[in-house]
Amino acid sequence: MDNKSRIKIYEVDTEVISNNYISNDYKHLVLRAPSRALDIVPGQFFHLQCPTFEGSISFLRRPMSVYQFSKKEKQIEFLYKLHGKGTRAISNLKKNNIFNIVGPLGKGFVIEENYKNIVLIARGVGLATLAPLGNLAFEKGINLTVICSARSKEHLMSIDLFNSLSNKVITVTDNDGSSSMFNLELLINNLMSSQSVDAFFTCGSNRILKLLKKVCGLNNIPGQIALEQQMACGIGMCFCCVRPFEIGDKIIQKRVCNEGPVFRISEALPW
Amino acid sequence: MVDLKTNIGDIILKNPIMPASGTFSEDLASVFDIDLLGAHVAKTITAEIRSGNATPRVSESGYNMLNSIGIPSKGIEDFKKNILPIYKEYNTPFIASVSAPSADGFAYICDKISVPGVDAIEINISCPNIEDDGKAFAMRPNSTFKVIEKVRSITNIPIWAKLTPNTGETIEVAKAAQDAGANALVVANTILAMQIDIKTYKPSLGNIMGGLSGPGLKPIVLRMVYQCSKVVDIPIIGCGGISNFEDVIEFILAGSSAVQVGTATFINPNVMLSILSGIKDYCEENKVSKISDLIGLVDDKNTPDTVALMEIDI
């Protein structure tokens, strides 16, 4: 048996090109990476080795979904929110620093052959996870609608990117009340009365998951969600990152790192 | 050319590096050719179907990890149908790992998996995440003896007893395992630990307590290997916090015939390969032609005399 042909996960040193703030608590990390590690499916993630920072140790790697990548440019990008020890350590990376990453990991989004119209809907940093899916849909000539939700206008991520991929980018915020589930449901129903929708894709919001479970169920439309869970190995060995899923009438534990991070909305359970 | 071969009883390993149970699966073949390893050690299975403990299942503490995974298991049939065939494709000894709530339970599952393709069975009598308060058979010589004796009576496949650092009776437990018929000792498992989030006042693990692994565990387990190697004749497989080739050499000098690498693989999935090339280079530089020549070579003969407590006149 040819064991070499199985190898598709790489542990590589990358070089920091930039690591800039894009808002108060969001940063954009751009890395130069060996191209062998860049055969990436949108929705896949990398496991990042956080540097030690001011005596604070992040022993385990941190999983992070890919924001953008280019095999040709040998570049991979992450968009992250500073919220813990690990991301704070990553935020301290400077240009030319060496940063060790493992990936690509997990199973990404699937665009079925028959998808002609898809809707991406996400909130906050969840939009970063959907960004490479937007690129892929654009390349495939798929009609793309993007609904971006956030606390305020300042927290709307990647709007310029999505605008370059789609002429139907809708933004909703908590500030003006437009991001309420009531309004989102109305928005989606209006969209479905004006065009057909072959699939929904989402990430990052429990409330949007609940809404999409309802919408997808009522209209018999498939949907996919990228989920998060705390991880140790990131590869499938340790069974740390399990979440419950409803499969038929059973509740089954699946590993987010290995069976996911992308799952069917019909099987995903709100948390 | 360095000879890295090492024997665990009748089982010849091409090198002394194998993964620790629970930190390895066929998924690692997506990272490197796992046929380069000395052995493959499967995740522990139980006869009953178990879903494992509540999340969070891991947390970190300095350069160490706490886990309370809790042995999720799909049972014996799933193991035979879906796990075992994968490893038959490799030219590497395959070690199953089992747990059970009683000596009879251990005997039952060992009987069921004594099948071609299983080269040895690791008897996990040391997982701190199954019983309340981390209790495990390997904490006492009596309960260790009962389990191993029962398993020995039911299978001819080599059995490796996996010991625990959560005991004050390391030597007695090691002897009990040998006397009951174990073919090797795996020394050891994780040490019972816990951690509290000072913001939420909640334990960091869903199971409250869990097992600590990582570099902090290494000197503790190294001491256990040293103690065990003084009192048993069966081979010892060191396991605990091994992260680099220096750790491996230390464990071999303390009396290990082979080692298991666990948590380090989570941090660097290629670490077992780096360790392999590290021990090869070490042997070449130090003119060691056979790594097995180093087993138990710790030089503890000419240590300085203890300074006796002196009486002080007041």
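A residue is called buried if 20 or more other C-beta atoms lie within 10 Å of its own, exposed if 12 or fewer, and partly exposed in between, with C-beta atoms placed from the backbone. By that count A:Asn220 is exposed, because it has 6 C-beta neighbours inside 10 Å. A:Asn220 sits in the loop between α5 (206-219) and β12 (223-226) of chain A, and has a positive phi of about 55 degrees although it is not a glycine. Helices (H or I, at least four residues) and strands (E, at least two) are DSSP runs, numbered from the N terminus.

The model is a predicted one, in which local features need pLDDT of at least 70 and side-chain atom pairs count only at pLDDT 80 or more, while totals for chains, interfaces and linings use all residues. Residues are numbered from 1 along each chain as its sequence is written, and chains are lettered from A and ligands numbered from 1 in the order in which they are written. The predictor gives the complex an ipTM of 0.93 and a pTM of 0.94. Chain B averages a pLDDT (the predictor's confidence in each residue, from 0 to 100) of 95.

Chain A is assigned domain 1 (3-105) and domain 2 (117-264); such bounds come from an automatic or database domain assignment. Their contact takes 20 residues from domain 1 of chain A and 18 residues from domain 2 of chain A, where two residues are in contact if their C-beta atoms, placed from the backbone, lie within 7 Å. On the domain 1 side, β6(A) gives the most, with 3 residues.

Two cis peptide bonds can be located in chain A. The bond from A:Gly103 to A:Pro104 has omega near -5 degrees, and A:Pro104 is found in strand β7 of chain A. The bond from A:Gly260 to A:Pro261 has omega near 10 degrees, with A:Pro261 in the loop between β14 (250-255) and β15 (262-264) of chain A.

In chain B, an open sheet of 8 strands has the order β3-β14-β13-β10-β9-β8-β7-β4, with parallel pairing; two strands pair if DSSP finds at least two bridges between them. The edge strands are β3 (17-19) and β4 (40-41) of chain B, each pairing on one side only. Within this sheet, 3 bridges join β13 (residues 236-239) to β14 (residues 258-261) of chain B, and B:Ile237 stands opposite B:Ala258 in β14(B).

The contact between the chains takes 25 residues from chain A and 33 residues from chain B.
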